[in-house]
Amino acid sequence: MYDDEDLQSIREARDEWAEETLDPVLDAYGERRERFATVSNHEVDRLYTPLDVADTDYEDDLGFPGEEPYTRGVYPTMYRGRQWTMRQFAGFGTAEETNERFHYLIDEGQTGLSTAFDMPTLMGIDSDDAMADGEVGKEGVAVDTLADMERLFEGIALDEVSTSFTINPSAPVIYAMYLALADQQGVPREEIRGTLQNDMFKEFIAQKEWVIPPEPSLKLVTDVIEFASEETPKFKPVSVSGYHIREAGSTAVEELAFTLADGFAYVEDCLDRGLDVDEFAPQLSFFFNSHNAIFEEVAKFRAARRIYARVMDEWYGAEADASKQLKFHTQTAGQSLTAQQPLNNVVRVTIQALAGVLGGTQSLHTNSFDEALALPSERAVRVALRTQQIIAEESGAADIVDPLGGSFAVESLTDEIEAEAMAHIEHVRDELGDGSVRDGVLAGIEQGYFQREIQDSAYEYQERVEDEAEVVVGVNAYTVEEDTEPDILSVDEDVQERQRERLAEVKADRDDDAVADALDALGERVAADENVLPAVVDAVKAYATMGEIMAVFKNEYGTYRETAGVA
């Protein structure tokens with residue numbers, strides 16, 4: 001963007017500034033520490049100038065919003081046209097209790113629902129299973145059958161709301177229940193909007209919730225993508241999730257690289273099935289973490305869009321603009337929240353949310369200040385939602401498209417993060433996968449490559465915290481003696497008993513022969529290696545339970561145990 005003569009002039013002026021202005025101050029006062037780095041331990045320079053972006057080609061590397069390579073945003077007007085979708089994670093106890101929270105959030109101005117499920121539902125077992133004892137409704141809502149889904153969305157028209165489901169091993173079942181509910185409400189399937197997380201690769205890499213092995217898990221993910229491209233074109237069948245990779249301890253670069261690698265692996269599996277990239281790719285979505293280092297996070301989001309656009313074009317032959325536009329949800333960093341001085345978390349979440357907005361996110365979840373202690377209280381959820389609304393309405397951050405674009409620091413960081421992330425992706429493709437990202441991701445999971453990289457980064461971060469090289473306010477600096485805690489949400493201990501009684505009622509009232517026939521039909525599709533979604537929809541409509549449906553997959557594919565020494 002600068003000619004050689006301009007750059008030489010800037011170089012000379014910088015050297016003169018360093019000698020005449022900077023050095024005397026450094027000699028007299030020094031700086032706060034010898035090395036300055038982001039949360040990810042990415043060293044940052046004291047000053048950035050045009051010299052740091054001398055190789056940037058504006059049209060090829062930045063361009064304009066809504067045009068390739070989408071560095072500056074996927075829409076030309078961004079938030080001037082429409083604000084991001086504001087979501088708050090909600091789910092606890094029974095479907096009725098979570099339904100009340102849904103209505104509360106809608107009344108408070110939330111524009112999209114985000115559903116959290118309890119551990120038995122996440123793992124595909126029923127509330128009356130012995131393994132579910134003590135976990136029913138504790139970290140999310142319990143959903144055993146379509147009857148629970150009906151109660152969960154009572155009074156909520158599915159054609160008027162966008163709903164996100166944070167669920168993975170049992171994602172096909174929850175998706176099928178939502179489709180069945182839409183059919184009940186008379187909402188055309190092509191009109192329902194929302195997102196299914198359904199990202200099994202990141203489960204094996206970071207979050208560690210799985211039911212069947214990696215390869216058949218990938219098959220089910222692709223089944224959902226294929227079915228959704230035909231039946232629910234406005235619904236995102238997978239949210240490729242870097243959030244959990246970051247929460248497990250990765251750096252920002254590793255989060256970006258491993259997430260995009262997972263996404264490209266799904267693309268390759270869909271292509272191998274014979275799907276047209278421009279038919280399914282527009283429905284793919286992504287999910288990133290937003291941490292405290294605001295400029296690093298903004299640069300990460302911008303680099304993500306640029307990498308995605310180029311790879312989808314050059315590697316996979318995408319032609320439609322929508323196939324090359326990386327659209328993503330952002331959640332503020334749960335790992336950064338502290339139980340000590342919990343109100344400090346309001347400030348952390350605000351910084352992280354602002355980074356997501358400055359980075360061009362399409363939807364945003366802001367964590368509640370009490371989440372290091374318990375499930376969010378209504379008061380804390382309201383503060384978290386108001387944080388988004390204040391950023392949107394009062395800060396001016398939503399009024400300028402890519403407001404940090406052109407910053408020497410942000411552009412330089414964007415270039416650095418892009419280069420480092422691509423190095424990881426190419427390692428997965430070329431070294432682990434012999435030319436295939438999909439095969440590289442599967443091999444990396446089996447060999448423990450991703451897990452070791454994340455573990456090393458997490459260990460290094462914790463060392464910096466313990467050595468006080470990384471300051472965490474209220475934890476290793478600026479501590480106080482506290483004898484009070486905020487009011488926190490508690491889940492009634494009788495939730496498990498009530499949910500089990502309800503499940504027993506459903507089982508007593510349903511047509512057992514219809515359930516058996518539906519499960520048999522599902523088993524036949526699984527054995528024939530056909531797309532399972534039509535049969536799963538039929539099974540949930542017969543009120544087969546989550547556990548009964550997932551058992552069909554386990555019987556065919558078996559279960560999975562991570563290789564010793566990997567994690």
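What percentage of the 567 residues in the chain is buried? Buried residues, those under 20% relative accessible area with a 1.4 Å probe and protein chains only, make up 57% of the chain.

## Basis of the model

This is a predicted model, in which local features need pLDDT of at least 70 and side-chain atom pairs count only at pLDDT 80 or more, whereas totals for chains, interfaces and linings use all residues. Residues are numbered from 1 along each chain as its sequence is written, and side-chain values use heavy atoms, with hydrogens and water left out.

## Overall fold

The chain contains 22 helices and nine strands. These elements are DSSP runs numbered from the N terminus: helices are H or I with at least four residues, strands are E with at least two. The radius of gyration is 24 Å, close to the 24 Å given by the globule rule for 567 residues, so the chain is as compact as a globular protein of that length. The radius is taken over C-alpha atoms, and the rule is 2.2 Å times the number of residues to the power 0.38. The C-alpha trace spans about 85 × 60 × 50 Å along its principal axes.

A contact means heavy atoms within 4.5 Å. Of the contacts with a separation of 6 or more, 77% are between residues 24 or more positions apart.

## Surface and charge

A28 belongs to helix α1 (residues 4-29). A28 is exposed, with a relative accessible area of 54%, where exposed means over 50% and partly exposed covers the range between buried and exposed. The C-alpha atoms of A28 and Y48 are separated by 23 Å, the two residues being 20 apart along the chain.

## Salt bridges

The structure holds 39 salt bridges, each a side-chain nitrogen of Lys or Arg within 4 Å of a carboxyl oxygen of Asp or Glu. One of them joins D402 and R72, at 2.6 Å from N to O. This pair links distant parts of the chain, 330 residues apart: D402 is in the loop between α15 (378-394) and α16 (408-432), R72 in the loop between α2 (58-62) and β1 (85-90). D402 is buried at 6% relative accessibility, and R72 is buried at 15%.

R306 and E418 also form a salt bridge, at 2.9 Å from N to O. R306 lies in helix α12 (residues 294-314) and E418 in helix α16, 112 residues apart. Both R306 and E418 are buried. Salt bridges with shared partners join D61, R306, R310, D415 and E418 into one network.

## Helix α17

R438 forms a salt bridge with D272, with the closest N and O atoms 2.8 Å apart. R438 is in helix α17 (residues 437-447) and D272 in helix α10 (residues 252-272), so the pair ties together parts 166 residues apart in sequence. R438 is buried at 16% relative accessibility, whereas D272 is exposed at 55%.

Helix α17 is largely enclosed by the rest of the structure, because eight of its eleven residues are buried. Among them are V437, R438, G440 and V441. The buried residues of α17 pack against α7 (200-207), α8 (214-231), α10, α16 and α18 (449-466).
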